[in-house]
Amino acid sequence: GAILDGKFVREERMLLEGEVHSGGKKTFDALAFNDVVVAKGLKGSMLELEVRIDGQFIYNQRADGLIVATPTGSTAYALSSGGPIIHPSLSVMALVPVSPHTLSNRPIVISSDCIVEIVVRDNPEPRAHFDSHSRCDLREGDRIVVRRSAEAISLLHPQGHSYYDMLREKLNWNRE
């Protein structure tokens, strides 16, 4: 096709870099295109999480999990958890709680220059997921640090590609 013939539009998409710190040491890291998720384990009840942005305390949260999503990931798991749809040209991250204990815990959209820290306060088997390709078992007191990666991904779209057409199709929005 057209892409092989050089008829394409290049689009840069941001990646997230996630690290797990346990006992003061970095024990795991991975990149994510869609999201980094801290979630309860199979047997676990709600997670208790402490969330900080750029070192500033935001909240303690009880929920089934917390999603830190890129604009690309905003139409994946984050969307099904009530997060906003974010245009991929924006340089932001969305923090989206999964089934929060209180309805006042809403999604927050922050600059991709921010550093998000999530500390696991209480849960039998918490896990961190990096997209669906990597996962790390967590312990109480573990700290997950999420930031924008210096790396980016280039997507090649056929000429005439429309983000909004893709959304309409994916979300079954009605046609005119």
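**A chat about T75 and its chain**

Visitor: Hi! Where is T75 found in this model?
Guide: Hello! In this predicted model, T75 is in the loop between β6 (65-69) and α1 (77-80).

Visitor: Nice. Zooming out, how many helices and strands does the chain have?
Guide: There are 2 helices and 12 strands in the chain. Starting at the N terminus, the order is β-β-β-β-β-β-α-β-β-β-β-β-β-α.

Visitor: What about the radius of gyration?
Guide: The chain has 17 Å, which agrees with the value near 16 Å that a compact globule of 176 residues would have. Along the principal axes, the C-alpha atoms fill a box of roughly 50 × 35 × 30 Å.

Visitor: How much of the chain counts as buried?
Guide: That would be 43% of the 176 residues. The chain exposes about 9,500 Å², with carbon and sulfur atoms supplying 49% of that area.

Visitor: And what share of the contacts with a separation of 6 or more comes from residues 24 or more positions apart?
Guide: Such residues account for 66% of those contacts in the chain.

Visitor: Last one: how many positive and negative side chains are there?
Guide: The chain has 20 positive and 23 negative side chains, and the centres of the two sets lie 2 Å apart.

Definitions and conventions:
Residues numbered from 1 in each chain as written. Predicted model: local features only at pLDDT ≥ 70, side-chain atom pairs only at ≥ 80, totals over all residues. Heavy atoms only, no water. Helix = DSSP H or I, 4+ residues; strand = E, 2+ residues; numbered from the N terminus. Rg over C-alpha atoms; globule rule 2.2 N^0.38 Å. Buried < 20%, exposed > 50% of the residue type's maximum accessible area, 1.4 Å probe, protein only. Contact = heavy atoms within 4.5 Å. Areas by Shrake-Rupley, 256 points an atom, 1.4 Å probe, with all protein chains shown as cover. Lys, Arg positive; Asp, Glu negative; His and termini not counted. Charge placed at Lys NZ, Arg CZ, Asp CG, Glu CD.
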